[in-house]
Amino acid sequence: MLRYPTTVRTLRNLMEYPSQTAAQQKVHFHYNHTDSCKFSRWTSRECYEFMYARPWHKVVDFYADMVKGHTSLSGLFGKETPADHEDAEIREDHEKSELVNIPVKDKSRDKSGRWARANFMIVLSYHGGSFDGWQKQPDLNTVQGLVERSLGEFVDEKKAQLLKDKNLPLEACALVAGRTDKGVSASQQVCSFYTWRKDVKIEDVKAALDKAAPGKIRVVSLTKVSREFHPNFSAKWRHYLYIFPIDDVLGEKQGGQIWIDGSTDVHQQNECGKSDVDKSNVNEINDENDELVHGNKPTKFEVGKVNRLLGQLEGKLLSYKMFARDTKASRNIGPPTECFVFHARAIETSIPCAKDGSHMKTMCIELVANRFLRKMVRVLVATAIREAAAGADDDALLKLMDATCRRATAPPAPPDGLCLVDVGYTDYDIRHCLIP
């Protein structure tokens, strides 16, 4: 049977049905929720517009102050800075190994071949709003690209000559515990690089990274570790915090509840006049018939309800494929989708606004798990808020695990509120958490 190419079939359909426009042929559908809250639940567009109609520039400014060392995440909750990564500290390999259970180099091993390489563990703090994510990409300002260019001067002669022969820039190779998306900040991101050079001093490495982009990226700690250490494969848990603004000019907080103004504009402008909309998620809410009409739908939710929804996830190994986005087909089923959540809490607090000296009420959501799928934290945050507003049962997130389509969950929350707090290389301990 002759198969027409896609473009030919499209032209043929237009010739046979000239009265149908492209917009009329495009079909959108929504997940058919069957619970009692199906008519109270926000649509994808309603959820998306509510999420983006917040004063995210204040959260972005807070994270910028965090990177500069003017404030800290632990300070929001009256806790001291975790001991694993003290500010701008440089330790020797045996000291750091004791703290994070990283294997110490075997002195009896013959230091030849790959074992002769010096491996450096770098803990970085960076401002997500200043970069196009972690992963290096052509013509984009990424954290990995900046780090590898800064470390290029420490590359050994053999690799430097190889790069020169291939007309490639002099750059090192940096491994990372987890790639963050565009707009996502980090308090203590862990990465590493290696070199065969014997004369590299950790003080010089720190100086090279700190001067790369002052105020946007900062070295929290730097140390030599065993060649066996890998920032991703050696990690036992990841720790994220999401800051969601409550007080804003579009809504008001009353009695522990967040009220929604249905007339909000998703294209809210930040102080620089740029739109805060994440266009990567437009395909999830691009439905002309899905308008923001609140009608009889609830227009408020309680922070305590969000906390109870998230609390159901603690201590369970579950498949989070419904809460992931943009994953490879081979990683959409089975063990690659399973995550064990150690800690999931939500609490109301406030963040300082350095520009005017005021404070803004926020909801902070803290998640700690052995691993996270792509955009999983942001989808969990948005879905938990949506279910809390709809008045769903406390086990609503657990029930969504059995959904048959990812449209059952909400579009990802904006990346501006997300921060990678820390990465752990010892067994999970609740003392590392910010919210008790």
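In the predicted model, Asp181 is partly exposed, with a relative accessibility of 21%. The residue forms a salt bridge with Arg378, and the closest N and O atoms of the pair are 3.4 Å apart. Asp181 sits in the loop between S3 and S4 whereas Arg378 belongs to helix H12, so the bridge ties together parts separated by 197 residues in sequence. Arg378 has a relative accessibility of 2% and counts as buried, because the limit for a buried residue is under 20%.

The loop between strand S3 (175-176) and strand S4 (185-195) also holds Lys182. A salt bridge links Lys182 to Asp132, with 3.6 Å between the closest N and O atoms. Asp132 is located in the loop between S2 and H7, and the pair therefore connects parts that lie 50 residues apart in sequence. Lys182 is exposed at a relative accessible area of 55%, while Asp132 is partly exposed at 21%.

The loop between strand S2 (118-126) and helix H7 (143-150) contains Asp139 as well. The phi angle of Asp139 is near 65°, a positive value in a residue other than glycine. Asp139 is exposed, its relative accessible area being 84%. A positive phi, near 60°, is also found at Lys375, again a residue other than glycine. Lys375 lies in the loop between strand S12 (358-369) and helix H12 (376-390). With a relative accessibility of 10%, Lys375 counts as buried.

Asp395 is placed in the loop between H12 and helix H13 (396-400). This residue forms a salt bridge with Lys399, in which the closest N and O atoms are 3.6 Å apart. Asp395 is partly exposed, at 27% relative accessibility. The C-alpha atoms of Asp395 and Gln312 are 6.3 Å apart in space, although the two residues are separated by 83 positions in sequence.

In total, 17 salt bridges were found in a search of the whole structure. Side chains of opposite charge can pair when their charged atoms come close. Salt bridges with shared partners join Arg41, Arg386 and Glu387 into one network.

At the level of the whole chain, the fold comprises 13 helices and 13 strands. Of the 436 residues, 48% are buried. Among contacts between residues at least 6 apart in sequence, 78% join residues at least 24 apart. The chain exposes about 21,400 Å², of which carbon and sulfur atoms supply 50%.

Key: Residues are numbered from 1 along each chain as its sequence is written. This is a predicted model: local features need pLDDT of at least 70, side-chain atom pairs count only at pLDDT 80 or more; totals for chains, interfaces and linings use all residues. Side-chain values use heavy atoms; hydrogens and water are left out. Helices (H or I, at least four residues) and strands (E, at least two) are DSSP runs, numbered from the N terminus. Buried means under 20% relative accessible area, exposed over 50%, partly exposed in between (1.4 Å probe, protein chains only). Contact means heavy atoms within 4.5 Å. Accessible areas come from the Shrake-Rupley method with a 1.4 Å probe; for residues, only the protein chains shown count as cover. A salt bridge is a side-chain nitrogen of Lys or Arg within 4 Å of a carboxyl oxygen of Asp or Glu.
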